[in-house]
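Work through the exercises below with the sequence and the coordinates at hand. Each task is followed by a solution in steps.

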Amino acid sequence: VNATDTYTDEITAYVEAVRTAVAGLPEEVREGLLEDLPEHLAEVVADDIGTLAERLGPPAVYAAELLASAGYVGGGFPDPPPQPRRPGLVRRVRSSLGARLRELDRSSGPLFGKPRASAFLIQLRPAWWVLRGYLVSMVLASVLGDGSQIGLLPRVGGSDLIALGLLATCVIASIWFGRRQFVMGRPVRLIHKGATAVLILIGLVGFSDLDQTNRYDPYMNAGYSDPYGNVQDVFVYDREGKLVEGARLLDQNGQPIRLGVPNCYDDQGNYVAGAQESVYPYCPRNAPFRMTGEAPDAQVVPTPSR
Amino acid sequence: VEATQLLKGVLDLAVLAVLRDEDGYGYDILRRLRVAGLEEVGDASVYGTLRRLFNSGLLNAYVVPSDEGPHRKYYALNAAGRAELASNGKIWQEFAATMNDLLRERGTA
């Protein structure tokens, strides 16, 4: 019992010293902070040898640590938010999305032999710089150019030399810009991000354009666009608007131009003999501007073909 | 970096963590932290932290009479405390993972 009393005196003295040291606090706060201290110190004392001051340090130091950890002085522990202030929806979605992305980043890291996938992407940065330079040069060329086709090089006025020079300048500038890692203010950063997004968009559009062209052009040339595909017969009219019969069509090499099918049927669908290959029209009775019942004009028959 | 400096930021979390499975009184909690390896942790810090967590509504407290010594005030996690432990625990784990990666990449660890 004596020992306990000694402890109690020691504890009381220590607590009083601490109380003095935290005298600056409002009384309510102070007493709330210290209400369990005697019992707590009793445990400390009971557990081990040595005086409280030896084990815990001077009361003033103890008091300072107490204040800091209990959140009563600045720079110590920030108080947790008073009550679960629900964060806004945008912030919640953003933070959960961010957490998920970070998780994906980490889990897919081994695929690239890195702790994080982003570590691998960062290595690819210089490649982006080069691509960015190319895209910028293409945009510049289409702005500066006269509207003619620029192809895959940033040609201005159809000049390959200017194209190569512009390309080299833009790529080098882009790499330089990338390596400098400018510290950008918020507005500048937004502009930079926006411009990057636009550039990527332009790149994608250009890419898909090129892709389309390369995929469909051969078919186009092979005849899907042939405007004469459904021609069955050819009617030639002379200067006076009279139908020319027995006309021949030749190309620049003197080769006969074959169009349509050399068959002729009358209104009842009976075969009419006499149509000759490459001698037009095959079927004069079907002339588009002929009056019904009008006979083919015999006067304008040119030299019959052999 | 001194361990005590690092400890300042995470003592809340450490206290919540040692209370996850079992309620405890102040000195008991201090002992658990030290046994777990946080030997630098100060008595006053734990006491102050407990008071603050209690005041912020993250802990419940109840007094258990003791035969051989003073009454003991036991602290227990309540629902808010568990939620805090879960969310801050996650933040810490991501932070620690980031630091570990960083140290590994630099060949320091």
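This is a predicted model: local features need pLDDT of at least 70, side-chain atom pairs count only at pLDDT 80 or more; totals for chains, interfaces and linings use all residues.

Residues are numbered from 1 along each chain as its sequence is written, chains are lettered from A and ligands numbered from 1 in the order in which they are written, and side-chain values use heavy atoms, with hydrogens and water left out.

**Exercise 1.** Find which cysteines form a disulfide (a pair of cysteine sulfur atoms within 2.5 Å), and assign its handedness.

Solution. 
- Step 1: over all chains, the structure holds 1 disulfide.
- Step 2: the sulfur atoms of A:Cys264 and A:Cys283 are 1.7 Å apart, and the two residues form a disulfide. The pair links distant parts of the chain, 19 residues apart, with both A:Cys264 and A:Cys283 in the segment after β2 (243-244) of chain A. Strands (E, at least two residues) and helices (H or I, at least four) are DSSP runs, numbered from the N terminus.
- Step 3: the torsion about the S-S bond of A:Cys264 and A:Cys283 is about 60°, so this disulfide is right-handed.
- Step 4: A:Cys264 is buried at 4% relative accessibility, and A:Cys283 is buried at 2%. Buried means under 20% relative accessible area, exposed over 50%, and partly exposed in between (1.4 Å probe, protein chains only).

**Exercise 2.** Determine where the buried residues of helix α2 (residues 27-34) of chain A lie around the axis.

Solution. 
- Step 1: the buried residues of this helix are A:Arg30, A:Leu33 and A:Leu34.
- Step 2: A:Arg30 has 16% relative accessibility. A polar atom of the A:Arg30 side chain lies 3.3 Å from the backbone oxygen of A:Ala23.

**Exercise 3.** Is B:Ser56 buried or exposed, and which backbone oxygen lies 2.5 Å from its side chain?

Solution. 
- Step 1: B:Ser56 sits in the loop between α3 (43-55) and β2 (59-64) of chain B.
- Step 2: with a relative accessible area of 17%, B:Ser56 is buried.
- Step 3: the backbone oxygen is that of B:Arg52, 2.5 Å from a polar atom of the B:Ser56 side chain.

Terms used: The arc is that of the directions from the helix axis to the C-beta atoms. A disulfide is a pair of cysteine sulfur atoms within 2.5 Å. A polar contact is a pair of N or O atoms within 3.5 Å; within protein, one must be able to donate a hydrogen and the other to accept it, and residues adjacent in sequence count only if both atoms are side-chain atoms.
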